[in-house]
Amino acid sequence: MGPCHWPRPSPSTAPSPISGFCHSLSLSSLFGSRISIPHSWGSLIGTGIGAAGAVALAGALRVNTALLELELGANNFLDEGVAALAESLKVNCTLNMLSISCRTTTKSIRVLADALKTNTSLTLLGLIRCDIEAAAAVLLADALKINTTLTTIVLSQNEFGDEGTVALADMLAGNTSLTFLDLCLCGLGSTGARALVDALKLNVTLFSLSVTDIDIPDDLGAELQELMSNPAREAAMAGEADTKPALGIPLARDSDQSDDDD
């Protein structure tokens, strides 16, 4: 079973903040001048940022009004750093895309969930390989029942299983703002898949759902595929074609994945 991947940007499009092709934003420009971050997007992937660096970055984000997109994958913020970044989202009104990939616990995800309840600028959030367990996924789902600005959520390669998926499905049943959801390699089984099926019977605004788990029975996989391809959803998607990014696929199953995807 191969890993999930964000689609690579075509040469004619601007780099995605999650693609790994972003221009590098130096640590000195972030921490040397806490107020002035002259770039609108940047990547700090695998730069060895620890908790103290994340706290400093969070301080900059509290006052910065230029940065729009930021990728922070493969660092080691610890709970302290993740919580500090989450707190900055309560006051930052310009950042609209954020990706984090580091170890978290329910404690720091609780702070992030609280921030998402009031943040009105973030539209894309990636929490990839963040050790998110069921209790943390429930907290995020509760926050997303309140948040109406996030349109894209990437939760791939976490550990919340059916319990977390059921909570997210319950959120989807009443959510009208999310259009892209990635649950790849999150331990989804029959119970979670059934919950998604039930939710998608009510939700017609989710355009893309990605799951790649071998424990989904074929009949439930077929139901998910059918629901993601129904006329109402396709009509809504066609109406938004000029404004929505081309992220994800309607439904990715293990049989569709290969190690050559990247």
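Reader: How many of the residues of strand S2 are buried?

Author: Five of the five residues of S2 are buried, so S2 is largely enclosed by the rest of the structure. Buried means under 20% relative accessible area, exposed over 50% and partly exposed in between, with a 1.4 Å probe and protein chains only. Helices (H or I, at least four residues) and strands (E, at least two) are DSSP runs numbered from the N terminus. This is a predicted model, where local features need pLDDT of at least 70 and side-chain atom pairs count only at pLDDT 80 or more, while totals for chains, interfaces and linings use all residues. Residues are numbered from 1 along each chain as its sequence is written, and side-chain values use heavy atoms, leaving out hydrogens and water.

Reader: Which residues point each way from S2?

Author: Glu 69, Glu 71 and Gly 73 point one way, and Leu 70 and Leu 72 the other way. S2 also pairs with S3 in the parallel sense, over five bridges; DSSP must find at least two bridges for a pair. One of the bridges joins Glu 69 to Met 97 in S3.

Reader: What do the buried residues of H3 pack against?

Author: They pack against H2, strand S2 (69-73), strand S3 (97-101) and helix H4 (106-116). The buried residues themselves are Gly 81, Val 82, Ala 83, Ala 84, Leu 85, Ala 86 and Ser 88.

Reader: At what angle do H2 and H3 pack?

Author: Two packed helices are described by the angle between their axes and the distance between the axes. Helix H2 (residues 51-63) and helix H3 (residues 78-88) pack at about 5°, with their axes 8 Å apart. Axes are lines fitted to C-alpha atoms, for helices over the stretch in contact, and angles run from 0 to 180 degrees between N-to-C directions. That angle makes H2 roughly parallel to H3 (under 35 degrees is roughly parallel, over 145 roughly antiparallel, 65 to 115 roughly perpendicular, the rest oblique). The contact (heavy atoms within 4.5 Å) includes Ala 54, Leu 57 and Leu 61 of H2 and Leu 78, Gly 81 and Leu 85 of H3. Its residues divide into nine nonpolar, two polar and three charged. Ala, Val, Leu, Ile, Met, Phe, Trp, Tyr, Cys and Pro count as nonpolar, Asp, Glu, Lys and Arg as charged, and the others, Gly among them, as polar.

Reader: Which residues of H3 meet H4?

Author: Asp 79, Val 82, Ala 83, Ala 86 and Glu 87 in H3 meet Lys 107, Ser 108, Val 111, Leu 112 and Ala 115 in H4. Six residues of this contact are nonpolar, one is polar and three are charged. The axes of H3 and H4 come within 8 Å and cross at roughly 5°, and the two helices are therefore roughly parallel to each other. The cover over the buried residues of H4 includes H3, strand S4 (124-127) and H5.

Reader: Which residues have the most contacts inside the largest nonpolar core?

Author: In soluble globular proteins, nonpolar side chains tend to be buried together. Here the largest nonpolar core has 65 residues, and Ile 132 and Leu 209 have the most contacts inside it. Such a core is a set of buried Ala, Val, Leu, Ile, Met, Phe, Trp, Tyr and Cys residues joined through side-chain atoms within 4.5 Å. Helix H5 (residues 134-144) gives the most to this core, with seven residues. Beyond its neighbours within four places in sequence, Ile 132 is in contact with residues including Ile 109, Leu 127, Leu 140 and Phe 160.

Reader: Where is Ser 177?

Author: Ser 177 is in the loop between helix H6 (161-174) and strand S6 (180-182). Ser 177 counts as buried because its relative accessibility is 13%.
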